[in-house]
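Thanks for making the time this morning.

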Amino acid sequence: MPPTISATDRPLEKLTADAVVVGVGKGPDGPLTTPGAEAVDRLLGGRLMAALADLGARGGEDEVTRLATFGQGPFPVVAVAGLGAPRPDGSYPGEAVRRAAGAASRALVGRASVVSLLAAVGGAPDDDRLHAVGEGALLGAYEFTAYKSDLPAARPAPPRSVELVVPDAGAAKAALARVRAVADAVALTRDLVNTPPNDLYPAELAARGAAAGKKAGLSVEVLDEEQLAAGGYGGILAVGGGSTRGPRLLRLTYRGRRARRSVALVGKGITFDSGGLSIKPALHMEDMKSDMAGAAAVIATICLVADLGLAVDVTATVPIAENLPSGSAYRPADVVTFRNGKKAEITNTDAEGRIVLADAIARAAEDSPDYLLETSTLTGAQTVALGGRTAGVMGSDDLRDAVVAASTRSGEPMWAMPLPSELRRGLESATADFVNANPDRLGGMLVAGHFLAEFVPEGLPWAHIDVAGPAYNTGAPWGYTTKGGTGVPVRTLLATIEALVES
């Protein structure tokens with residue numbers, strides 16, 4: 001079960017829990033105190049900061065130092081989370097606070113109840129600070145145990161309750177309700193991404209997405225192979241043709257009250273990507289269960305928009321397929337005809353994401369939305385260019401930049417990327433309208449963006465978010481990011497939609 005989250009304005013000395021969390025900054029000569037740390041230091045008779053110095057704590061990001069209080073306060077353990085270096089005015093970025101809260105949750109396995117003073121970092125808490133602390137604490141406590149056998153009931157587990165100390169608990173209720181909704185949406189995304197592909201095949205992902213949509217009050221449509229063929233979805237059918245488990249197209253629709261804007265969401269749903277006949281190397285192929293992270297993110301995002309009751313119309317179009325080699329798999333040199341009538345010569349069956357997305361973008365554009373946001377684990381070139389934590393964003397300049405700005409507010413790093421006109425020439429085909437992949441590996445992420453652009457109607461603002469690295473953490477946990485599915489870019493999509501509603 002996910003942790004509960006609440007707020008309290010009772011005095012610190014009257015609170016009880018299994019641990020208390022405070023933050024400290026990184027200074028030139030050791031940790032820098034914050035209001036929360038000062039409060040606990042006073043409670044412990046001035047011993048906290050001296051003990052941190054003796055233990056060699058620096059206050060750096062992802063550093064958590066646990067100290068026993070030996071009965072000197074109402075908490076048996078103090079967890080001191082590093083915030084990194086402060087800004088010149090002494091405050092700390094929201095993302096530093098979010099990461100500190102997440103790192104503390106991960107470090108407090110076995111402590112069921114936690115009181116956090118991180119909302120006091122950098123001055124009086126406001127909604128943004130509460131969002132950062134709450135999201136970090138809940139997401140850092142995430143765990144995926146569905147396939148763990150015989151877990152003992154008394155096992156050390158992440159915190160089950162988190163209580164934030166604030167000046168006015170009543171005023172914090174609305175902010176914490178949003179925190180709960182956002183954390184649940186990210187957890188849904190993580191759960192889907194972490195589910196093994198033998199249990200999350202195309203029909204099952206469509207069914208789980210449909211169930212989430214119905215729970216959120218959305219209109220739901222699922223197309224099977226026959227309906228896809230009747231609808232002219234040649235790209236989805238081509239990619240899904242190599243698997244005995246047929247492809248699907250999921251459509252979820254939310255109609256907001258007093259909506260003035262409409263947004264189309266599109267997310268790539270390749271439930272497993274072997275590369276098809278252009279097969280991938282065996283090393284790390286197991287990570288390709290995450291190739292449906294874009295689909296998971298847009299499913300969770302539209303449900304989140306509905307939960308928050310935003311004044312916007314949103315439709316999510318999710319193409320779902322399994323890319324496997326077989327006698328019925330699509331081949332290099334095949335020509336695929338998409339829903340909008342355009343044709344692509346296949347030069348690489350491992351460039352399958354753009355093939356299913358082409359059909360989905362074409363279908364989403366038929367609704368005449370005001371904006372189109374698409375996200376996918378599209379290219380390995382994204383990780384080459386930007387690493388494993390920063391997504392690349394392409395598309396219409398204004399919407400692309402709005403997405404990047406929203407990512408900064410959300411704590412999901414993204415970088416604006418161009419679509420240089422000379423790279424479009426790499427898609428030229430002597431046989432069809434274009435090829436699906438350029439053998440020249442230079443600018444591969446941008447070439448993929450050019451391919452998607454072929455299916456966006458003239459004048460429709462659009463943005464493509466390549467999350468090949470950020471959507472799935474193959475390394476050690478950090479901050480509030482656990483190993484496996486991360487939930488990126490749910491929070492950025494939400495922040496972008498909210499900004500569009502307010503514009």
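Let me begin with glutamate 352, which is buried at a relative accessible area of 0%, where buried means under 20% relative accessible area, exposed means over 50%, and partly exposed is in between, computed with a 1.4 Å probe on protein chains only. Before I go on, please keep in mind that this is a predicted model, in which local features need pLDDT of at least 70 and side-chain atom pairs count only at pLDDT 80 or more, while totals for chains, interfaces and linings use all residues. Residues are numbered from 1 along each chain as its sequence is written, and side-chain values use heavy atoms, with hydrogens and water left out.

Glutamate 352 sits in the loop between strand S14 (343-345) and H10; helices (H or I, at least four residues) and strands (E, at least two) are DSSP runs, numbered from the N terminus. Which residues does glutamate 352 touch, not counting those up to four places away in sequence? They are Val239, Lys268, Ile270, Asp273, Asp291, Asn323 and Tyr330, a contact being heavy atoms within 4.5 Å.

Some of those names come back in the records. The UniProt annotation "binding site", from an unreviewed entry, covers Lys268, Asp273, Asp291 and Glu352. These residues span 85 residues in sequence, yet no two of their C-alpha atoms are more than 11.5 Å apart, so they gather at one spot. A word of caution is that UniProt positions are given in the numbering used here, feature names are shortened, and annotations may be inferred rather than shown by experiment. Lysine 268, in the loop between strand S10 (262-267) and S11, is buried with a relative accessible area of 1%, and aspartate 273 is buried as well, at 2%.

Aspartate 273 also leads us to the next annotation, because its side chain meets that of lysine 280 in a salt bridge (3.6 Å, N to O), which is defined as a side-chain nitrogen of Lys or Arg within 4 Å of a carboxyl oxygen of Asp or Glu. The UniProt annotation "active site", again from an unreviewed entry, covers Lys280 and Arg354. Lysine 280 lies in the loop between strand S11 (269-273) and helix H9 (293-308), and, leaving aside its neighbours within four places in sequence, its contacts include Gly275, Met288 and Asp350. Arginine 354, by comparison, lies in helix H10 (residues 353-365) and is buried, with a relative accessible area of 8%. Among the residues that arginine 354 touches, beyond four places away in sequence, are Leu378, Asn436 and Phe451.

Let me now turn to salt bridges elsewhere. How many does a search of the whole structure find? The search finds 27. One of them joins arginine 491 to glutamate 412, with the closest N and O atoms 3.6 Å apart. Arginine 491 lies in helix H14 (residues 490-502) and glutamate 412 in the loop between helix H12 (397-410) and strand S17 (414-416), so the pair ties together parts that are 79 residues apart in sequence. Both partners count as buried, arginine 491 at 7% relative accessibility and glutamate 412 at 3%. Finally, Glu221, Arg251, Arg339, Arg363, Glu366 and Asp367 are linked in a network of salt bridges, and I will stop there.
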